[in-house]
Amino acid sequence: MFSSSLYKYLLVFVLLIGVNIKAQNDTIRLKNNNVLFGEIKSLSTGILTMETSYSDKDFKIEFNKVVELNISRKCIINLTDSRRFYGHIKSESPGNFTIYFEDGTSEQFQMNEMIALIEVNENFWKRFKFGLDLGYNFTKANNNAQFTVSSYFNFVGEKWLIKGNINLLNSKQDSVENVKRIDAMLEAIRILSKKWYMLGDVSFLSNTEQALKGRVTPSLGLGRFIKTTNKLYFGVTIGATYNIENYDDVSLNKTSSEAFLGSIFNMFDFKDFDLNTSVKFYTGLSEKGRVRTDYDITIKYDLPWDFYIKTEFTINYDNQPAVSGTELDYIFTSGFGYKFD
């Protein structure tokens, strides 16, 4: 018979196990039969992100190595062929998973049909995510100093996706005019059906290259998911926008309306190669003959031992700029990095 003190120790041990299991109630099983316990955060571009209590950093797991997953919270699940669902996920056999919907029904799918997943926190304010990056470079030659700020936030709901970002660049150098650039965006997406969505956004651009003090551009449009698989994503948007432009020369300040056509194309998990690109074409409605284009592309190649090479290119074109000869402004960056997973 157990002594009373030993019984108390066993009771405490069982309670601690119960608390730990409650705190880590998501599980995944890999092809090698390893099982991980924690909280699944998201699935995007072939990578599953999981937070655990026994690691100070989130785990990044290649989703094609996952054979089972069980998630306690409700999730937004994107499947191939632009299918989108909301509910709980549980695997009842390797290579498959079942979505349990709010109305009590369920449906089973194959694991390779899932292309994206986001957990939706029951707490409204915990659905917001934020990030901030700061950078500073200084070169003694010509006293060249460059300061950069990059920040983002996003919100995920059952039918709403809201995201925003801001990027600032300030560069100073002896005998050269200061270079300043600010671009920011706030975007809201309302899902209408498995293929269609409404899009509303407000963007801001300021750069010294085009003598542009500030351009505020609210837009409203309609988008469609054209192709969504576990390897690529392609979508298009169409709509109208209104420009409020202020220049260094106040006599050039103006407002105008435009129609736009946009496209997004992402490739990921193609033998360590990722490509993300988007483009928007604007044609003047109130200004005859005016054409603008905003384009960006990011190319990333994963190297052995978690190293990678990354290149980014952003371009802004306006065939009717405020200053002659400065129709084009662009930024090109490239680098060598290491992933801390």
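**Surface, core and salt bridges**

Modeller: The protein chain exposes about 20,200 Å², and carbon and sulfur atoms supply 59% of that area. Accessible areas come from the Shrake-Rupley method with a 1.4 Å probe, and for residues only the protein chains shown count as cover. This is a predicted model, in which local features need pLDDT of at least 70 and side-chain atom pairs count only at pLDDT 80 or more, while totals for chains, interfaces and linings use all residues. Residues are numbered from 1 along each chain as its sequence is written, and side-chain values use heavy atoms, with hydrogens and water left out.

Biologist: What is the mean pLDDT of the protein chain?

Modeller: The mean is 79, and 82% of the residues reach 70 or more; pLDDT is the predictor's confidence in each residue, from 0 to 100. Residues 5-24 have pLDDT below 50, and beyond near neighbours in sequence this stretch has 7 contacts in the model, where contact means heavy atoms within 4.5 Å. Where pLDDT is low, the predicted coordinates should not be read in detail.

Biologist: How many helices and strands does the secondary structure come to?

Modeller: The protein chain has 1 helix and 21 strands. Helices (H or I, at least four residues) and strands (E, at least two) are DSSP runs, numbered from the N terminus. Of the contacts with a separation of 6 or more, 45% are between residues 24 or more positions apart.

Biologist: And what share of the residues is buried?

Modeller: Buried residues make up 35% of the 341 residues. Buried means under 20% relative accessible area, exposed over 50%, and partly exposed in between (1.4 Å probe, protein chains only).

Biologist: Which residues touch the most other members of the largest nonpolar core?

Modeller: A nonpolar core is a set of buried Ala, Val, Leu, Ile, Met, Phe, Trp, Tyr and Cys residues joined through side-chain atoms within 4.5 Å. The largest has 23 residues, of which Ile28, Leu69, Phe97, Met114 and Leu117 touch the most other members. Two or more residues each come from strands E1 (26-30), E2 (35-44), E3 (47-51), E5 (66-79), E7 (96-100) and E9 (114-119). E5 gives the most, with 6 residues. A second, separate core of 6 residues includes Ile189, Ile191, Phe225 and Tyr233.

Biologist: Back to Leu117: what is it in contact with, leaving aside neighbours within four places?

Modeller: Its contacts include Ile40, Leu43, Leu69, Ile71, Cys75, Ile76 and Ile89. Lys41 and Ser42 are also among them.

Biologist: New topic. How many salt bridges does a search of the whole structure find?

Modeller: The search finds 15, a salt bridge being a side-chain nitrogen of Lys or Arg within 4 Å of a carboxyl oxygen of Asp or Glu. One of them joins the side chains of Glu68 and Arg29 (3.7 Å, N to O). This pair links distant parts of the chain, with Glu68 in strand E5 and Arg29 in strand E1, 39 residues apart. Glu68 is buried at 16% relative accessible area, whereas Arg29 is partly exposed at 30%.

Biologist: Where do the partners Asp201 and Lys280 lie?

Modeller: Their side chains meet in a salt bridge (3.3 Å, N to O). Asp201 lies in strand E14 (residues 196-207) and Lys280 in strand E18 (residues 273-284), so the pair ties together parts 79 residues apart in sequence. Asp201 is buried, at 7% relative accessibility, and Lys280 is buried too, at 18%. Elsewhere, salt bridges that share partners join Arg215, Glu245, Lys254, Glu287, Arg290 and Asp318 into one network.

Biologist: Which residues form the nonpolar patch on the surface?

Modeller: Leu192, Trp196, Met198, Leu220, Leu222, Ile238, Leu261 and Phe281 form it, with about 740 Å² of accessible area together. Patches are made of residues with over 30% relative accessible area and no salt bridge; like charges are joined within 9 Å, and nonpolar side chains (Val, Leu, Ile, Met, Phe, Trp, Tyr) within 5 Å. E14 and strand E15 (212-228) each supply at least two residues of the patch.

Biologist: Is Leu220 buried or exposed?

Modeller: Leu220, in strand E15, counts as exposed because its relative accessibility is 54%.
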